[in-house]
Amino acid sequence: MKCDLNDMLYFVHAVDHQGYTAAAKALGVSKSLLSRRIASLEDSLGVRLLQRSTRSFNVTDLGLKFAEQCRLAVQQAQLAEDLVSNALAYPSGKLKIAAPVMMTEEFMAPVVCRFIQKYPDVEIELLAMNRDVDLTTEGIDIAIRPEPLPLRDSSLHVKPLCIEHQILVCSPDYIARFGMPSDVSELAQHATIIKKSDDNNRQWRLINLHKEKMTLSVTPRLITNNMRAVVYAAINGVGITCLPRFICLDHIDSGELVHILPEWTNEPHSIHALYESKRGQTLLFKTFLDYLSQSLNEVRRINKT
């Protein structure tokens, strides 16, 4: 391409303002620069676009036709620039996210729906899976994982979203039949529900508000690797269990579950996002992770009030 887009812009302004003086003022450049750039444009094209003298300024017929096409080219260039600027200013595009099944059902799905409603130019593919994923081969942008601290070594970039403590809960029916434990040591005499992935030795590692720790042997009536089965069993009075706050909140509000021994929780877990560093630079990516972190911490705040 022989023509410089800026020279085309200068030429359009000269034609529209019928002279160099007014055009240079509108563009915020010197009259001499404007004159040199238009002369260079004419030289590159090998044609005369303007007929000018000290007293007159006239556009040739070819110059008028060329100016119209230049005007369209400048407008298209501005639209292309605006497209990039808007993308940097307002989230748009696609994200592929993986999260554990129960977390997806109870928390991620409503958060993603609210995010999509807030940002209508966003498309999200949300996958529920209880396994580690290979972000590269599966084309996943973000994997959400709750894991005990410290985190496992990973070649991926890790963004902590919040620190989560699972809380002790049971049903009102269980309390009516077996009583409310008044001290953490009494849990050893109560029926419990444990997740198989938590501890094969049937122990809970608990911590209180004063950072005092206790390893407690428990007597499970149900052991399962399915989080929904744990929730169902707890609601139906099978025993006491530890569940993440974001899973418990609605059930506590509805009265299906009771938060017991609130000064004790299990040892902290980090809920974090894993992603390849090269994918963590877009505005959509950053905006979603900030929104997710804010939503997780809002659940924690509500649960404490």
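These legends walk through several close-up views of one predicted protein model.

Residue numbers start from 1 along each chain as its sequence is written, and side-chain values rest on heavy atoms, with hydrogens and water left out. Because the model is predicted, local features need pLDDT of at least 70 and side-chain atom pairs count only at pLDDT 80 or more, while totals for chains, interfaces and linings use all residues.

**View 1. The whole chain, before we zoom in.**
The protein chain carries 10 helices and 15 strands; helices (H or I, at least four residues) and strands (E, at least two) are DSSP runs, numbered from the N terminus. Of its 305 residues, 42% count as buried. Here buried means under 20% relative accessible area, exposed means over 50%, and partly exposed is in between, using a 1.4 Å probe and protein chains only. The accessible surface comes to about 16700 Å², and 51% of that belongs to carbon and sulfur atoms; areas come from the Shrake-Rupley method with a 1.4 Å probe, and for residues only the protein chains shown count as cover. Contact means heavy atoms within 4.5 Å. Among the chain's contacts with a separation of 6 or more, 73% are between residues 24 or more positions apart.

**View 2. Strand β7 and its two partners.**
β7 (167–170) is covered on both faces: Ile 167 and Val 169 are buried on one side, Leu 168 and Cys 170 on the other. Strand β12 (residues 241–243) runs antiparallel to β7 and is joined to it by three bridges; two strands pair if DSSP finds at least two bridges between them. In β12, Leu 243 is the bridge partner of Ile 167. Strand β13 (residues 258–259) also pairs with β7 in the antiparallel sense, over two bridges, and there Cys 170 stands opposite Val 258.

Is Gln 166 buried or exposed? Gln 166 counts as buried because its relative accessibility is 8%. Leaving aside residues up to four places away in sequence, Gln 166 touches Lys 195, Cys 242, Leu 243, Pro 244, Thr 265 and Asn 266. With Lys 195 there is a side-chain to side-chain polar contact of 3.4 Å. A polar contact is a pair of N or O atoms within 3.5 Å; within protein, one must be able to donate a hydrogen and the other to accept it, and residues adjacent in sequence count only if both atoms are side-chain atoms. Ile 194 sits in strand β8 (residues 191–195) and counts as buried, since its relative accessibility is 4%. Ile 194 and Ile 240 are 46 residues apart in sequence, yet 8.7 Å apart in space, C-alpha to C-alpha.

Glu 256 belongs to the loop between α9 (245–254) and β13. Its relative accessibility is 34%, so Glu 256 counts as partly exposed. Which side chains make polar contacts with the side chain of Glu 256? His 251 does at 2.9 Å, and Ser 254 does at 3.1 Å. His 251 is one of the buried residues of α9, along with Arg 245, Phe 246, Ile 247, Cys 248 and Leu 249.

**View 3. Helix α5 against helix α8.**
Two packed helices are described by the angle between their axes and the distance between the axes. For α5 (residues 101–118) and α8 (residues 227–235), that angle is about 65 degrees and the axes are 8 Å apart. From α5 come Met 102, Glu 105 and Glu 106, and from α8 come Met 227, Arg 228 and Val 231. Axes are lines fitted to C-alpha atoms, for helices over the stretch in contact, and angles run from 0 to 180 degrees between N-to-C directions.

**View 4. The β9–β10 hairpin.**
Strands β9 (residues 203–208) and β10 (residues 213–217) pair in the antiparallel sense over five bridges. Arg 205 stands opposite Thr 215 in β10. Four residues lie between the two strands of this hairpin, and Lys 211 in the turn has a positive phi of about 70 degrees.

Leu 261 has a phi near 45 degrees, a positive value in a residue other than glycine. Leu 261 counts as buried because its relative accessibility is 5%.
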